[in-house]
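Here's a quick tour of a protein model, going from its sheet to its packing. Have the sequence and the coordinates open as you read.

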Amino acid sequence: ILMETTFSRESKHIRNYIAFFDLDQTIARTISGKALVRGAYRKGLLTGWDLIKAVFLSIAFRLKLKDPLKIIDDMVSWVEGIPEKTMIDLCSEVFRHVLAPSIYKEARSEIEIHKAKNAKVIILSSTLITVCQEMAKNLGIDDIICTELECRNGYLTGRPVGHLCFGEEKAVRLKEYCKKNNYLPSDAWYYGDSFADLAALNSVGNPVCVNPDKKLKKTAISRNWKIVSWNT
């Protein structure tokens, strides 16, 4: 399932190419999932045990102790039973107080450079849709392709809608978006920080690795991909 939300009033205007950006640790220094879990714990939306479980899942993800897709699936299960409106409010609050201040100045600059060249700029991320919407509004980004949570009768089920926008799924959605909107992936850019972004980086003609992790950096060097350091 392709999730997209158009923000630009001139979205029908033909652009020269597309620049896709990952969100966590690419546009912003902060990992949104961690920030949301902390915020939910402070508000009493999850228990201490849920918080400990989230920490262990984060460690397992970082050390690659389990299938990353299974880990991320488990990570979003904590939202089960939370009213959708409560989650939207939490995402908005966490964005304002935690994520917005951690946006890299270099990311803002890079996005503006692409927009000046008449590019369509899109967030392509596993991050939750409300966080991506807030980021898109803040940066004047055109569309988002991301993870959306299933909701029934106003309450979250703890499951995503369709596949999580992670790993190979990012590449699938990137190619689908380009095909649907008559753009060539070979003309596109993708900015990512993690080896999990490899499939998306492989899909475009202009891959850019932002503060890449060790494994991605090694791959980027071997393939002569652009590597940038964003710190401010």
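What follows covers confidence, the sheet, the cores and the aromatic pairs.

This is a predicted model, in which local features need pLDDT of at least 70 and side-chain atom pairs count only at pLDDT 80 or more, while totals for chains, interfaces and linings use all residues. Residues are numbered from 1 along each chain as its sequence is written, and side-chain values use heavy atoms, with hydrogens and water left out.

The chain has a mean pLDDT (the predictor's confidence in each residue, from 0 to 100) of 88, and 85% of its residues reach 70 or more. Take residues 1-10 with some caution: pLDDT is below 50 there.

Now the sheet. Helices (H or I, at least four residues) and strands (E, at least two) are DSSP runs, numbered from the N terminus. Six strands make an open sheet in the order 3-2-1-6-7-8, with parallel pairing; two strands pair if DSSP finds at least two bridges between them. Strand 3 and strand 8 (226-228) sit at the edges, each pairing on one side only. On average, neighbouring strands are turned by 20 degrees against each other, direction ignored; axes here are lines fitted to C-alpha atoms, for helices over the stretch in contact, and angles run from 0 to 180 degrees between N-to-C directions.

| Strands | Bridges | Residues opposite each other |
|---|---|---|
| strand 1 and strand 2 | five bridges | F21 and I123 |
| strand 1 and strand 6 | three bridges | A19 and W189 |
| strand 2 and strand 3 | four bridges | I122 and D143 |

Helix 7 lies across strand 1, strand 2, strand 3 and strand 6 (189-192), running at about 150 degrees to strand 2.

On to the packing. A nonpolar core is a set of buried Ala, Val, Leu, Ile, Met, Phe, Trp, Tyr and Cys residues joined through side-chain atoms within 4.5 Å. The largest one has 43 residues, and I27, L36, W78, M87, I123 and M135 touch the most other members. Elements giving it two or more residues include strand 1, helix 1, helix 4 and strand 7 (206-210). A second, separate core of 20 residues includes I145, A188, Y190 and L216.

Contact means heavy atoms within 4.5 Å. Not counting residues up to four places away in sequence, L36 touches W78, M87, L90, C91, V94, L128 and V131. Several of helix 4's residues (84-99) are buried, among them M87, L90, C91 and V94, and their cover includes helix 1 (32-42) and strand 5 (155-160). S32, in helix 1, is buried too, at 3% relative accessible area. Beyond its sequence neighbours, S32 contacts D24, L99, T127 and V131.

Finally, the rings. There are five aromatic pairs: rings of Phe, Tyr and Trp (its six-membered ring) with centres within 6.5 Å, stacked if the planes are under 30 degrees apart, edge-to-face if over 60 and tilted for the rest. F20 and Y177 form an edge-to-face pair, 6.2 Å centre to centre with 85 degrees between the planes. F20 belongs to strand 1 (residues 17-21) and Y177 to helix 7 (residues 168-180), so this pair ties together parts 157 residues apart in sequence. Both F20 and Y177 are buried. Ring pairs also link F21, Y104, W189, Y191 and W230 into a cluster.

Technical notes: Buried means under 20% relative accessible area, exposed over 50%, partly exposed in between (1.4 Å probe, protein chains only).
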